[in-house]
Amino acid sequence: MSWEGKTAPDFTLQDQDNKTHALSDYQGQKVLLYFYPRDSTPGCTIEAQQFRDRLDELGSYGVQVLGVSRDTVKSHEKFARKESLNFPILADADEVVVNQYEVLKQKNMYGKQVMSVNRESFLIDEKGVIVRHYAKVKPAEHVQEILDDLK
């Protein structure tokens, strides 16, 4: 399914500080909604650090970053504190949003079939329309890819 040009599904989730965020709260500004598999794993840590370190650059284009995984608020709180994250990471432990955005995929891990969140991102414009879907994300390069698209 091509996401680009479609209205982004709205949702409401809690962040690492138990603050509620709805996508509709960000109407009028760009949102980079990124999905990642698990807190404190190598690739997810690199990706979060990249967003943390380059948040001002993204902000200069009017972009609000929101991370989403199936981890709990408590796990997010620990991860955010350890990595000094300066943006909301949202807890989707009930898998509602990962299913809305179709990023929960069956994967083969160590010979077993498991359901895991695929590392994907969505750039959403001020009107709530998905303008770019990043289906294959490389954690260390992703923020630069987004910045290049915003120029």
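Predicted model: local features only at pLDDT ≥ 70, side-chain atom pairs only at ≥ 80, totals over all residues.
Colleague: Let's start with histidine 133. Where is it found?

Modeller: Histidine 133 is found in strand 9.

Colleague: What makes the link between the side chains of histidine 133 and glutamate 120 a polar contact?

Modeller: Check the distance. The two side chains make their polar contact at 2.6 Å, and the cut-off for such a pair of N or O atoms is 3.5 Å. Glu120 also turns up among the residues in contact with histidine 133 once neighbours within four places in sequence are left aside, and so do Trp3, Glu4, Ser121 and Phe122.

Colleague: Now leucine 85. What is its place in the chain?

Modeller: Leucine 85 is in the loop between helix 3 (73-83) and strand 5 (89-91).

Colleague: How far apart are the C-alpha atoms of leucine 85 and phenylalanine 51?

Modeller: They are separated by 8.4 Å, with the two residues 34 apart along the chain.

Colleague: On to helix 1. How do you know that its length agrees with what a helix should span?

Modeller: At 1.5 Å a residue, the 12 residues of helix 1 should span 16 Å, and the end C-alpha atoms are 16 Å apart, so the two agree.

Colleague: Which residues of helix 1 are buried, and why can you say they line one face?

Modeller: The buried ones are Cys44, Thr45, Glu47, Ala48 and Phe51. Looking down the axis of helix 1, they fall within an arc of 165°, so they line one face. The face turned away from that buried side carries the exposed residues Pro42 and Asp53.

Colleague: What do the buried residues of helix 1 pack against?

Modeller: Among the partners are strand 3, helix 2, strand 4 and helix 5.

Colleague: And helix 5: what makes its buried residues line one face?

Modeller: Its buried residues are His142, Val143, Ile146, Leu147 and Leu150. Seen down the axis of helix 5, they fall within an arc of 135°, so one face is lined by them. What covers them includes helix 1 (42-53) and strand 9 (130-134).

Definitions and conventions: Residues numbered from 1 in each chain as written. Heavy atoms only, no water. Buried < 20%, exposed > 50% of the residue type's maximum accessible area, 1.4 Å probe, protein only. Helix = DSSP H or I, 4+ residues; strand = E, 2+ residues; numbered from the N terminus. Arc of directions from axis to C-beta. Contact = heavy atoms within 4.5 Å. Polar contact = N/O pair within 3.5 Å; in protein donor to acceptor, adjacent residues only side chain to side chain. Expected span 1.5 Å × (residues − 1).
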